[in-house]
Every structure is written in structure tokens, then in C-alpha cells.
Amino acid sequence: MSWLPTAIKACYFLAALLFILGLKRMSSPRTARGGIVWAGYGMLLAVAATLFLPGMHNRGLILAAVLIGVAAAWWSGRRVAMTAMPQMVALYNGMGGGAAAAIGAVELIGYAGATIVLLDGGRFTAGAEAPGAAQLALAVLGALIGAVSFSGSLIAFAKLQGWLDRRFVFAGQRAVNMLVLAAAVLCGIVLACGHLSVPLVVLFFALALAFGLMMTLPIGGADMPVVISLYNAFTGLAVAFEGFVLQNEAMIIAGTVVGAAGTLLTQLMAKAMNRSIGNVLFGSFGAAAGGAAQEIGGSQKPIEASDAAVMMAYAERVVIVPGYGMAVAQAQHKVWEFARLLMERGVKVKFAIHPVAGRMPGHMNVLLAEAGVPYDLIADMDDINPEFPTTDVALVIGANDVVNPLAKTDPASPIYGMPILDVAAAKQVIVVKRGKGTGFAGIENALFYADNARMLYGDGQAAAGELVAALKTLDG
């Protein structure tokens, strides 16, 4: 069948087109769902075409693995709570990096002369055919990046899941991390130069995995959106490099697209955290700038839901700022119901989203879209900040670090310099919060003690329900 290779390449081209168009549609909340479906069809087409590659072995095993993976993903995707979605993203991203690293491991061990016995009775001895220098270098590079993404993503998952403390730091940690990275790179260079041996390959992967662990352990919770987007870029690049090794066009294009998108997203997240890419890669995430912390004066002043509802019912402009606490309480539907009641009274309502609100990029946008909030009511940080001084009431629901004024005033704060939502500039601020504790970054919030701030304590969904009931009483 001389036409088969051409048909496979045509399928890869169509799959690549679906990947790119799907990613383009994902850039807008209005079309994101369709974009995911398009990209999914592209992946299905690419996998199906790959099964027909000449010389392909173990098709039954591959199909079994695909079916198991699809079933596990479908089951977990249906059952996972929205609050656990960041953990799921980190875990799946790690699996992508691990797959790329595994491809690199098989190639490098094969190049080293190891014979792998296939389940269908065949044998694969890559060492019998000397690889090109470029192919070998890309195998090493893809394996290094994939291994770092795999182990780093697992630590990010454990942190988000609450299985690990938020940060592990020790004196000289950055120097130790750089030594481990340098050792891994040195082993990689030796391998890429053709000095292949199984023990050296094992050492190379051990160092790469260790660096992924050590790079992620000191990262604080406030920086987790940056970490997730960074490892997403790593996974894409690793897949692209291994695609060159396997001479698979679908892997090259898909990996390049994911790597480019992840890199751009990392840049946006780093900008939102006021960090350079170099600091994101090698700095101590969430580390304080040093010096004495700024004293916070005043006290937290509680308010009842009925009084808060009256305040907003007779306001002209209200801005709602959602955060992770809203996700934990699954309060987005009640919050949107409250916003609709306000708008029926003639109040101008907007939702303000910080780029790193929640535990992953776009977390709050997903929640609000799930509740049915129209996209034209959602404003990002740069657009909404100039409007806060003319806002009568800012309603903060579960957000903490992204509205903390200390980011502007306290050089000793771990979040100093991070752009924030200027909620404190509103005429009145109502904060819905479960208690008096600090946010995910472990930093006290000066906003809660401000003269114009009132605290509505309680679970986000319960508090939103009380606000809705109080507003309905006024309407009645």
C-alpha cells in the first residue's frame, strides 16, 4: 500500500490544523468549549493514524493502554470537584512530561546497545543503528525537560492537594539546585556526544528527576499558577523534541503549539506576579524581600448579611471579586443570583478577575462561566483597577493575596511588587471570609483592617445565600 505513508501524513496535517484551530478557539471563553472538542478530534485522528505506521508493533497493547487511559480520564474528569481541578491539571501535565521522558529513556537505552524484547515476540535494538548527532541531542534534551516536568508537576500536585507543606527551604538551596542541574546537563552533554552507557543514562534521569523535585519544593502557594503554566510549557517542548527523535510530525506540531502557548502564558503569569522569567525559573518563589514586616493597625470589623445587602442594594456601582474561597464553597451560582438581583434593581455590577486568582490560570473564569455569568460583565485587572475609586461597594468573596495592599506598601512582604486589584480604593469593601486566617500565601491582609472594609464571616455559599435572601426581603 504505497499510498499509506501519504495518507498518514495527511492525517497528521489535519490533526495539526485541528490542534491550532482548537487552541485559537480556547483563547475566548465564548468558544473555548468548542476549541477543546476540536483539539480532541485532532488527537483522536493523530492516534488512529499512528496505529497504521509501517513497522508498528504491539498495536493490541497500545489500544489497551489508550482505552485504559481514556476510561481513567473520563471517570476522574467527571468526578473531580472544581476546587480540585488545579491538582488534576498538574497531575495530567506531569503525565505528559513523564511520557516524553519515557520515550527519551527508551531511545537512549536503545542507543546504548540494550536490546528490548517486545511483547509480540519481536526485538528492538536501537543501538544497532547509530543515531545522528542532532537526533541524539534532541533525545537528551527532551528527556531532561520531560523528567523535570514530571517530577516537578507531581510535587505541585502534592502541594495543591495539601499533602506537602507549602514551602521547603534551607540555606544554600539555590546553589544546591544549580549544582544538581549542572550535573544533569553535564551527563546529558556526555550522552549527546555519543558516550552512551546504561548506568550514565540512569544517572542522568535520576539527576533530572531530582532537579524537578528540588525546583518545586521551595515554591509558595501564591506562585502555583506560574508553576503550572511553566511545567505546561516544559511538557510541550519535551514532546516536540521527542517528536523529532521519532520523526513524528504530529508530536512535533502538537508539542510546539503547547510549548509556545505555555511559554506565553508563563510570561503573562510572571508579569502578573511582577517577576522576570529568569526569576521564575531559578529564583526562590514566594520568598520575602527581607526586613521587618509592616505593622497592620486597626481591627477587623464584622457586618451582618442583611446590612451588607442593604448597602449594595442602594449602591450605584458594585464590583464583585471572586477568589479560591468561592471555589471551595461552590458559591458561584449563588453569587451570580445575587448579582442578577442587584442588576434588576438598576445597580451596575461587574466581576473583577486577577490573572493569578485561584490555583491555576483562568480558574475564576471557568467558575463564572459555569454559573452562566455573561462574558461582558467580567473585567480583568488592568481594565477594572481605574474604576475602583468610583465604585460604591467592592464585594470580595474568598480572595486574599490578590487584593492585599501590602503588595504595594511593604517591601518585606513576599508579594511586594505584585500587581493587585485595587479593592481598597473603593468607597466601601465587604469581604466574605470563613475566618480570620491568612490566605494561601500565609500573609496577613491589610485590607481586612482598613477603615472602609467590613467582614462578612462564614462559608461563601452560605453568605451568598444570606445576601440573596436579604435582598429578596427588600424587594418584597
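## Cysteines without a bridge

A disulfide is a pair of cysteine sulfur atoms within 2.5 Å. By that test, this structure holds zero disulfides. Keep in mind that you're looking at a predicted model.

Cysteine 187 has 9% relative accessibility, so it falls in the buried group. Cysteine 193 is exposed, because its relative accessible area is 55% and the cut-off for exposed is over 50%.

## The chain as a whole

Let's step back and take in the whole thing. The protein chain has 476 residues, and 46% of them count as buried. Its secondary structure comes to 17 helices and eight strands.

What about the contacts along the chain? Take those between residues at least 6 apart in sequence: 77% of them join residues at least 24 apart.

In soluble globular proteins, nonpolar side chains tend to be buried together. Here, the largest nonpolar core has 44 residues. Met312, Val318, Ile320, Phe351, Leu395 and Leu467 are the ones with the most contacts inside that core.

Which residues does leucine 395 touch? Setting aside residues up to four places away in sequence, leucine 395 touches Met312, Val319, Ile320, Val321, Phe338, Ile430, Val432 and Leu467. There's also a second, separate core, made of 42 residues. Ala105, Tyr111, Phe157 and Ile228 are among them.

## A nonpolar patch on the surface

Now for some nonpolar residues on the outside. Phe13, Leu14, Leu17, Leu21, Val37, Trp38, Tyr41 and Leu44 form a nonpolar patch on the surface, and together they have about 800 Å² of accessible area. Which helices supply the patch? Helix H1 (4-26) and helix H2 (32-50) each give at least two of its residues.

Leucine 14 is one of the patch residues, and you'll find it in helix H1. Is leucine 14 buried or partly exposed? Its relative accessibility is 42%, so leucine 14 counts as partly exposed.

Serine 149 lies in helix H5, which covers residues 133-161. It counts as buried because its relative accessibility is 0%. Leaving out neighbours within four places in sequence, serine 149 is in contact with Asn93, Gly94, Gly97, Tyr231, Phe234 and Thr235.

Threonine 216 is found in helix H7, residues 198-216. With 0% relative accessibility, threonine 216 counts as buried too. What does it touch once residues up to four places away in sequence are left out? The list for threonine 216 is Gly152, Ile155, Ala156, Lys159, Val227 and Tyr231. So Tyr231 turns up in the contacts of serine 149 as well as those of threonine 216, because heavy atoms within 4.5 Å count as contact.

## Glycine 236

Last stop: glycine 236, in helix H8 (residues 224-246). Its relative accessible area is 2%, so glycine 236 is buried.

Along the chain, glycine 236 and glycine 96 are 140 residues apart, yet 8.1 Å separates their C-alpha atoms. Not counting residues up to four places away in sequence, glycine 236 touches Gly255, Thr256, Val258 and Gly259.

Definitions and conventions: Residues are numbered from 1 along each chain as its sequence is written. This is a predicted model: local features need pLDDT of at least 70, side-chain atom pairs count only at pLDDT 80 or more; totals for chains, interfaces and linings use all residues. Side-chain values use heavy atoms; hydrogens and water are left out. Patches are made of residues with over 30% relative accessible area and no salt bridge: like charges are joined within 9 Å, nonpolar side chains (Val, Leu, Ile, Met, Phe, Trp, Tyr) within 5 Å. Accessible areas come from the Shrake-Rupley method with a 1.4 Å probe; for residues, only the protein chains shown count as cover. A salt bridge is a side-chain nitrogen of Lys or Arg within 4 Å of a carboxyl oxygen of Asp or Glu. Helices (H or I, at least four residues) and strands (E, at least two) are DSSP runs, numbered from the N terminus. Buried means under 20% relative accessible area, exposed over 50%, partly exposed in between (1.4 Å probe, protein chains only). A nonpolar core is a set of buried Ala, Val, Leu, Ile, Met, Phe, Trp, Tyr and Cys residues joined through side-chain atoms within 4.5 Å.
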